[in-house]
Protein chains: 4
Amino acid sequence: MSSTYGTLFKISTFGESHGKAIGVVIDGCPAGITFDEAFIQQDLDRRKPGQSRITTQRKESDTFQVLSGVFEGKTTGTPIGLMIPNEDQRSKDYSHISEQFRPSHADYTYTAKYGVRDYRGGGRSSARETAARVAAGALAKLVLQQLGVSIQAYVSQVGKLKMETPYQQLNLALAEENAVRCPDPEVAEQMFAYIDETRKKGDSIGGVVSCVCTGVPAGWGEPVFDKLHAELGKAMLSINAVKGFEYGSGFAGVEQYGSEHNDEYYTDETGKVRTRTNLSGGIQGGISNGEDIYFRVAFKPVATIMQDQESVDVHGNPAVVSGKGRHDPCVVPRAVPIVEAMAALVLVDFYLLNQARKA
Amino acid sequence: MSSTYGTLFKISTFGESHGKAIGVVIDGCPAGITFDEAFIQQDLDRRKPGQSRITTQRKESDTFQVLSGVFEGKTTGTPIGLMIPNEDQRSKDYSHISEQFRPSHADYTYTAKYGVRDYRGGGRSSARETAARVAAGALAKLVLQQLGVSIQAYVSQVGKLKMETPYQQLNLALAEENAVRCPDPEVAEQMFAYIDETRKKGDSIGGVVSCVCTGVPAGWGEPVFDKLHAELGKAMLSINAVKGFEYGSGFAGVEQYGSEHNDEYYTDETGKVRTRTNLSGGIQGGISNGEDIYFRVAFKPVATIMQDQESVDVHGNPAVVSGKGRHDPCVVPRAVPIVEAMAALVLVDFYLLNQARKA
Amino acid sequence: MSSTYGTLFKISTFGESHGKAIGVVIDGCPAGITFDEAFIQQDLDRRKPGQSRITTQRKESDTFQVLSGVFEGKTTGTPIGLMIPNEDQRSKDYSHISEQFRPSHADYTYTAKYGVRDYRGGGRSSARETAARVAAGALAKLVLQQLGVSIQAYVSQVGKLKMETPYQQLNLALAEENAVRCPDPEVAEQMFAYIDETRKKGDSIGGVVSCVCTGVPAGWGEPVFDKLHAELGKAMLSINAVKGFEYGSGFAGVEQYGSEHNDEYYTDETGKVRTRTNLSGGIQGGISNGEDIYFRVAFKPVATIMQDQESVDVHGNPAVVSGKGRHDPCVVPRAVPIVEAMAALVLVDFYLLNQARKA
Amino acid sequence: MSSTYGTLFKISTFGESHGKAIGVVIDGCPAGITFDEAFIQQDLDRRKPGQSRITTQRKESDTFQVLSGVFEGKTTGTPIGLMIPNEDQRSKDYSHISEQFRPSHADYTYTAKYGVRDYRGGGRSSARETAARVAAGALAKLVLQQLGVSIQAYVSQVGKLKMETPYQQLNLALAEENAVRCPDPEVAEQMFAYIDETRKKGDSIGGVVSCVCTGVPAGWGEPVFDKLHAELGKAMLSINAVKGFEYGSGFAGVEQYGSEHNDEYYTDETGKVRTRTNLSGGIQGGISNGEDIYFRVAFKPVATIMQDQESVDVHGNPAVVSGKGRHDPCVVPRAVPIVEAMAALVLVDFYLLNQARKA
């Protein structure tokens, strides 16, 4: 049930870290969209493991197969089934934790909920599931591209190392030119060193992914419960390891007076209503106002570390969990395309909902 | 569409600030719950305007009427219709803005989306809608009480004034003993002065509401997209003026190493699996682990201020918006029961979903 | 939960037969629709009790109140709350059955499901709930009218008395000129006598309502599970006392060969693709083809009769249920606007969904 | 969107007749169910083509693969991905209709809706999609078996040839012993001859599938819109070629008086409340009453016939469609497991919803 996302552009993901395959069924994609396989694969490549020495060394090509919904290179309006076979499952790496609960993992809570769990690599709770989201999100991006909407995420913080430069002063395209995905090359190098050092200690560290969506016209988003930023928040918080979300002025906006925080309107030379500032983050009353939408997503340090930790086993007895397996010391570089994918899924759904409103 | 919330405990709210009434239909409340009208009214009273001089002076008793779904003092399992008549609409206070877009309000975005808007008091975008949520949330609390779950929110920050004391060291019951709803009486006084001063300047200021949920057993929440904290995040971000959400360690957790951040397990004297720390905020992999759930919600300064602001009118011409009407200089004291209500709605829904899983 | 209907034009009904009021919240109605109160009231009047001596003598004016969502005579895109106060509850008429299960009523099944029930007049299971549907459906009709879609239902059978004339040879407008709502005045008279005779015997009788929808363009409806006729079927079967649904050739089509049953295509003088016959009932593969949509709905005899019947009480002891209260001897004349309302709700929802598809 | 079915036991099907594969993702299956692959394959075998000379000669083994959600032979509560590769696609059989609209097929309506269509074998509109439903439905049956619920469908009519014997007087197990799936061996032979003769004429013929569900306890189903029989109706009408649905007394019940039609209650020797007759079909007020649930489903003659038919092409020009490809002369024998599957999906969903209600 909870593996389904979206109202009109609806995705259903499936698959465990060490099962036969992961995948997604996308139901509700408009017909006639050119299905650009290379574009989708490129986003999967941005997420896949093994990109550099600061990401997990699991080897997955993450090559996807199209099972349905595409005919003669175009979407047909019917469900698009995509599958990514799992290639490099070292399930025996996990036999040692088949009876242990890894601290701050989902092992205990899944067991408490379901009575059983697929312990191999975290099973369904593994972030490997997000590959399916990235594939679906890339298709959503293709729909949005036709509408002039683009989405660009990047790493703005690793541990205590923050890049404070506002996004307007950055060349976001540079983010893809380094392994950390930070658009400031100098900070990127420091971040790389920070993560690499953490990796050598067998530890992990958190980070922040920032995201900017441009070209969204005024009117997307729904009032009351399904506000645009509320859905963005849910979508981001549904990504593994996320602990917080803020948009526009965010938590810092709390400290401002209304007279400082309000975004005054003006009419620009083209006759378009604009705001002089954008502390609103492009959203007012849950509905886009035509300005850039931007937000920040906080990721905790990943739970798996290469150190011994105290825990209990499934019988409630004390146990020591030793770090094995292959894991990321810092999740944010690979999280960048995931954040973008979820943003694309949110936006395309609100676009379709808004189309329906044009009665 | 977007005025409906919940999967199994489903609420549909309706009503504008200056219409005939606001209300809610609650579909899916279990049968046989004692419908404690006084309890529900009490939560409405905590949210209603006019509680002190630091809240809006609009006079609404917010007395609710039961239209359906309750028989002989108990819920029957059928939809519960609740209605709160609007009593003190001074719609003419708003005629001056019928053709203007108030900065950082939803005036412009509603117009962009729908072509029309009920400009009286913000219409549907008014926070008055949240009274309906509070009524529904109070009923959700009654269901949760039977299960030993309780929810307590409080104000932890007003503008730059932060109360840093961890919740475990506070007597949260004290929050209800002052107008600000801060459980530290000394800080509460400072906050009151801060807000009152802001009010006198005709300005507004932001704040943070913190919330703690105790007694939630392990196993609530769903994996992948409908994680417990993702739904909490969406629910909170759907409240008017909210700009950010974080749970457990939140944004601060970013700066920690995994070896610091992980919550180690142990078995307590009763045989229950517990964690020694709780940076996870009671949730792992989107599912509750039996520890306290806690989170923070950032509210921006409310947009209506008693000062002139530059803007445009519906024809795109420059306009000066003058502050009139009756508004809160700081929204957080009245937001406390709203945060609790939304948390209750999230939790009761996951409880019911979890019941369904017990096949 | 189950009192909510629709995906984009979503209605939530509430209310018991003998509670304070019944009503509906309509979420997702497009903005800018002229809210024609007289039109809506007219449909309610067609459904209301006491229209003639062959309907129940309960006196309800069924006058509705608008609580929200309408501003300056037009819909605003926000939830429309409508309420119909109950006026003539003779709840004491029902005290005798507070502990009995009336045969073929929902008394027993509600008790089995919920443990409690509001026994007054059937509570939520009463067909009085359909007044809320009729109000919402009338609004849906107003949306459809703008698109050139019209819906006309009529009575085509009462007990064994069938009107076999195909709808194309009838003047359907005549249906509203008699108490039975049969468009053949002669048959209508016979039906009236049939029902009246049944009434005098203290008995009840079944009937069939037929319905024709004209002006639906090709392309409405969704493939696979949400086929247009599948939703129509669900919508009709959700009306109290309905036992069957068929569209196009229906059960009779079973006996035909494909060579007889297939509707051959041709291009008409305007260049529009048409079918020469219409055994498909205007729907192929679950999607409208531009021809008339027509279907038939079977209603059983209403369960309440003015005769003694054997039953059991809530303790499982034998009991004799004596018919009291005020009831319809035949439900179909008043069911005509309900069938139309549900058809309108189905069609408007598919219209909006189809709008969303136009990406 | 419309390829998703169910509220708590939710399935998403995908795949075209001549694409790479068809399949289904099942989200919400309870954890801990023994995943009996042989049982599921057996139901797929009952639906697969080529079973006898009266079914299509397309050769598909319909062997399914498990992609996820099953661990050590049990369901884990996570999404179960099942895939059935397409083996015998003779897509060139369809090149002749790539520009033609086959009468009473979905060719024209899909084109009208989506602008494009996968014309190979009907693409998504092909009944091949139902294999995915049968696989999911078989899993639903496994859940229901644990609760003592069983579902048995059978063929009760082919063309004008009706088997009128009430199901209580039949040995339904005999249905699986002949190619027609009629439990009366003598009638089955006549039906076989009827269908075979139709096949030889290059024509097709309709039929009726009846279905009986036993062991459903009182209390399943939801009031108002999601009545048990309304969902059954929708589920059945969503099957390709279905034109009508009736349950209990159905259309025939229309002709009865209430005094004849009402099912009187009594308490049986075990203390269980029962009804003496069962014209209600096991459902009252949309909720099961503990008696057998039974219903009938009308299937039209399949549209593809081996005869020339007049039609138009995609340009609106006259065209003659000649029957090619491999098709069933009568769909009902293979529809039996599909009807059962949909019934199982409806029932398991209501079971889970009812579990949630037990607050």
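The legends below describe close-up views of a predicted model.

**View 1. Two arginines of chain A listed in a UniProt record.** An unreviewed UniProt entry lists Arg47(A) and Arg53(A) under "binding site". Arg47(A) belongs to helix α1, which covers residues 37-47 of chain A. Arg53(A) sits in the loop between α1 and β4 (65-66) of chain A.

View 2. Is Arg47(A) buried or exposed? Its relative accessibility is 2%, so Arg47(A) counts as buried, the cut-off for that class being under 20%. Leaving out residues up to four places away in sequence, Arg47(A) touches Asp62(A), Ala127(A), Arg128(A), Thr130(A), Ala131(A), Val134(A), Arg334(A), Pro337(A) and Ile338(A).

**View 3. The surroundings of Arg53(A).** Arg53(A) has a relative accessible area of 48% and is therefore partly exposed, since exposed residues are those over 50%. Which residues does Arg53(A) contact, apart from its neighbours within four places in sequence? They are Phe192(A), Asp196(A) and Arg199(A). With Asp196(A), the side chain of Arg53(A) makes a polar contact of 2.9 Å.

**View 4. The axis that relates chain D to chain B.** Two copies of a chain are related by a rotation about an axis and a shift along it. Here chain D is superposed on chain B by a rotation of 180°, with 0.0 Å of shift along the axis and an RMSD of 0.0 Å. This is therefore the relation of a two-fold axis. Which residue of chain D comes closest to the rotation axis? Ala356(D) does, with its C-alpha at 2.2 Å. Both copies use the same surface, as 100% of the contact residues of chain D recur in chain B.

**View 5. The interface of chain D and chain C.** The size of an interface is often given as the accessible area lost when the parts come together. Chain D and chain C bury about 8,300 Å² between them, and 59% of this lies on carbon and sulfur atoms. Phe225(D), Lys243(D) and Tyr265(D) supply 11% of the area that chain D buries against chain C, more than any other three residues. Chain D brings 103 residues to the contact, and chain C brings 103 residues.

**View 6. Polar contacts and salt bridges between chain D and chain C.** Across this interface, 51 residue pairs are in polar contact. How many salt bridges are there between chain D and chain C? The count is ten. In one salt bridge, the side chain of Asp226(D) meets that of Lys234(C) at 2.9 Å, N to O.

Terms used:
Residues are numbered from 1 along each chain as its sequence is written. Chains are lettered from A and ligands numbered from 1 in the order in which they are written. This is a predicted model: local features need pLDDT of at least 70, side-chain atom pairs count only at pLDDT 80 or more; totals for chains, interfaces and linings use all residues. Side-chain values use heavy atoms; hydrogens and water are left out. UniProt positions are given in the numbering used here, feature names are shortened, and annotations may be inferred rather than shown by experiment. Helices (H or I, at least four residues) and strands (E, at least two) are DSSP runs, numbered from the N terminus. Buried means under 20% relative accessible area, exposed over 50%, partly exposed in between (1.4 Å probe, protein chains only). Contact means heavy atoms within 4.5 Å. A polar contact is a pair of N or O atoms within 3.5 Å; within protein, one must be able to donate a hydrogen and the other to accept it, and residues adjacent in sequence count only if both atoms are side-chain atoms. Copies are superposed by least squares on the C-alpha atoms of residues with pLDDT of at least 70 in both. Buried area is the accessible area (1.4 Å probe) that two parts lose on being put together, summed over both. A salt bridge is a side-chain nitrogen of Lys or Arg within 4 Å of a carboxyl oxygen of Asp or Glu.
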